[in-house]
Amino acid sequence: MARPLRIIYPGAFYHVTSRGNEKKDIFKSRRDREKFLEYLASATERYGAVIYAYCLMSNHIHLFLQTPEGNLSQIMRHIIGAYTTYFNIKRKRAGHLFQGRYKSILVEANEYAAELTRYIHLNPVKAGITAKADEYEWSSCRAYIGAAPTPEWLRSGFILGSFGKTEPVSRKNYREFMEKVEIEAYESPLKSAVGGSVLGSPEFVEEITETHLNERRADKDIPALLHFSNRPPLEEIIELARGAMKNNDKLGRQVSIYLCHKYSGAPLKEIATKFDVGVTAIGEASKRIQKKIEGDKALQKLIGTLTTTINKWKWRVDPLRPL
């Protein structure tokens, strides 16, 4: 079974969501929601979670949080596990309450923090539950605009600080920020998450890839890692080479093998299978074409052009690439 991609490090910011099993309600009463908020509070006390925004819908939850200690799994295990135990005991039931693993998206806070809180707070409006976000009792929106007390564990100041120098001004500006959106046209910022796992600028994605993902590329049980490869797929290299040598299929094949061997980062067995040859034939073919390149200036120039194109693909990310 495919595993979700978890990028864990101290200080990381995440959007986290978890849904009820079979999309069933996870909250049946007011007390249920109050109890869940208690577990959010205890997660900040026991495990150092920093919670910036939340929304409790009937069958799922949204959180925007930070993990100074790099312990997201521990935090979520506490919140979801403790609440499930409470819910099951209260209703004399057994089994899972939440559907599978929670989903987490690593977030570049400087770029997306404010927008993420707006997305979280707009959930009840998008669902048609309320006309305005601040009419919904079970999100942090009312605390943000000063319509309800701010719990000690909710760090709204981190977001509000970017909306004004004083509390009254920042709350007023945040309210306007929430109200100026056209709800029917509003799209989730999470749609821009690369591989459904990282939300941030290209520079942020590159930094995360270099620092946290390069050594994990071989893990085939995590499909989302495909989105962070800085090596182009074999198919694209082959298409590039053959397109440049339409009038010489044999040379196109030889160059394709050479470029795939040198730049794809794919295992020799995978390259050999792609060209329907033995593993040793890949290395031998690459050596032959290398000698040909050294003695042919026109071919040298063409290979140089193709290599430049391949290098430009480095760090390219495609958020729409299917898992």
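Is E137 buried, partly exposed or exposed, judged by its relative accessibility?

Analyst: The model is a predicted one. In it, E137 counts as partly exposed, because its relative accessibility is 39%.

The partner of E137 is R30: their side chains meet in a salt bridge, with 2.5 Å from N to O. R30 belongs to helix α1, whereas E137 sits in the loop between α4 (123-126) and α5 (141-145), so this pair ties together parts that are 107 residues apart in sequence. R30 is itself partly exposed, with a relative accessible area of 48%.

R30 also meets the side chain of E34 in a salt bridge, here at 3.4 Å from N to O. Both R30 and E34 lie in helix α1 (residues 30-47), and the four residues that set them apart amount to about one turn of the helix. E34 has a relative accessible area of 30% and is therefore partly exposed.

R118 is buried, at a relative accessible area of 9%. As for E137 and R30, they are part of one network, in which salt bridges that share partners join R30, R31, E34, K35, E38 and E137. A search of the whole structure finds 14 salt bridges. As a general point, side chains of opposite charge can pair when their charged atoms come close.

The cysteines are a separate matter. The loop that holds E137 runs between α4 (123-126) and α5 (141-145), and C141 is buried, with a relative accessible area of 1%. The closest cysteine sulfur to that of C141 is in C55, at 9.2 Å, which is too far for a bond. C55 is likewise buried, its relative accessible area being 0%. With a disulfide requiring sulfur atoms within 2.5 Å, the count comes to zero disulfides.

M245 lies in the loop between α9 (234-244) and α10 (249-263), and it counts as buried, at 6% relative accessibility. Leaving aside neighbours within four places in sequence, M245 is in contact with L251, G252, V255, L299 and L302.

Methods:
Residues are numbered from 1 along each chain as its sequence is written. This is a predicted model: local features need pLDDT of at least 70, side-chain atom pairs count only at pLDDT 80 or more; totals for chains, interfaces and linings use all residues. Side-chain values use heavy atoms; hydrogens and water are left out. Buried means under 20% relative accessible area, exposed over 50%, partly exposed in between (1.4 Å probe, protein chains only). Helices (H or I, at least four residues) and strands (E, at least two) are DSSP runs, numbered from the N terminus. Contact means heavy atoms within 4.5 Å. A salt bridge is a side-chain nitrogen of Lys or Arg within 4 Å of a carboxyl oxygen of Asp or Glu.
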